Amino acid sequence: MTTNEILDSARKQMDKSFDHYKNQIGKVRTGRASASILDDVSVDYYGSPTSLSQTANISVPDARTIVINPYDKSILQSIEKAIQQADLGFNPQNDGNIIRISVPPLTEDRRKEFVKMTKKFAEEGKVAIRNVRRDLMEALKKAEKAKEITEDDRKKGEDQLQKITDEFISKLDKVVAEKEKELMDN
């Protein structure tokens, strides 16, 4: 394995980790209504768990309301039950045609809790990125031992790998700072 192949692999793996944790951070609610809050909600649709977005149209008419309009009105109660079981802190209102969710404003304590959760996700992301770095540092050392690359190539590769790691950790820190600002400014 060449140094460039290892560095390409590092970039791809770190990018996957970054995207995953960026999505996790994005799901932390900020007090504004957002359809993405319901991404992980599964509905019992004729005996099989189905994503809420596949069973209903989800819209956000204003900053504090989410409206769920099921394609099949017979599953309104299943949707309502799934939202309650998801423990998102919402009380869905079922009027027989649609489900309306009022998103309450966040209290100061809840905001701080969400900031903590965001930082926890970020730390997990950093650990995942560092694990990629560690694994690929080992790959560089193995490539050197196998005489696939020179010692100089290994050292350059390690420096570049560290720069890539720093770049992704910096991007993750930026996402966290934006989310924290968003949470505390509402």
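Start by selecting lysine 147, which sits in the loop between helix 4 and helix 5. Helices here are DSSP runs of H or I with at least four residues, strands are runs of E with at least two, and both are numbered from the N terminus. What you have open is a predicted model, where local features need pLDDT of at least 70, side-chain atom pairs count only at pLDDT 80 or more, and totals for chains, interfaces and linings use all residues. Residues are numbered from 1 along each chain as its sequence is written, and side-chain values use heavy atoms, with hydrogens and water left out.

Lysine 147 is not a glycine, yet its phi is positive, about 65°. Lysine 147 is also exposed, at a relative accessible area of 75%; exposed means over 50%, buried under 20%, and partly exposed in between, with a 1.4 Å probe and protein chains only.

For another positive phi, jump to tyrosine 46, again not a glycine, at about 50°. Look for tyrosine 46 in the loop between strand 1 (42-45) and strand 2 (48-51). Tyrosine 46 counts as exposed, with 61% relative accessibility.

Now colour helix 4, residues 108-145, and helix 5, residues 151-185: they pack at about 170° with axes 10 Å apart. That angle makes helix 4 roughly antiparallel to helix 5. (Axes are lines fitted to C-alpha atoms, for helices over the stretch in contact, and angles run from 0 to 180 degrees between N-to-C directions; under 35 degrees is roughly parallel, over 145 roughly antiparallel, 65 to 115 roughly perpendicular, and the rest oblique.) The residues of this contact split into 14 nonpolar, five polar and 15 charged. Here Ala, Val, Leu, Ile, Met, Phe, Trp, Tyr, Cys and Pro count as nonpolar, Asp, Glu, Lys and Arg as charged, and the others, Gly among them, as polar.

Stay on helix 5 and pick arginine 154. Arginine 154 is buried, at 13% relative accessible area. Leaving aside neighbours within four places in sequence, arginine 154 is in contact (heavy atoms within 4.5 Å) with Leu140, Lys141, Glu144 and Ile149.

Next, run along helix 4 end to end. Its 38 residues reach 56 Å from first C-alpha to last, close to the 56 Å expected at 1.5 Å a residue; the expected span is 1.5 Å times one less than the number of residues.

The axes of helix 1 and helix 4 come within 9 Å and cross at roughly 170°, which makes helix 1 roughly antiparallel to helix 4. The residues of this contact divide into 13 nonpolar, seven polar and two charged. Among the buried residues of helix 1 are Ile6, Ala10, Met14 and Ile25, and the buried residues of helix 1 pack against helix 4 and helix 5. For an exposed residue, click lysine 12, found in helix 1 (residues 3-26).

Which residues have the most contacts inside the largest nonpolar core? Select Met14, Ile25, Leu136, Leu161 and Leu172, in a core of 30 residues. (A nonpolar core is a set of buried Ala, Val, Leu, Ile, Met, Phe, Trp, Tyr and Cys residues joined through side-chain atoms within 4.5 Å.) Helix 1, helix 4 and helix 5 each supply at least two residues of this core, and the largest share, 12 residues, comes from helix 4. Apart from this core lies another of 19 residues, including Ala33, Leu38, Ile79 and Ile99.
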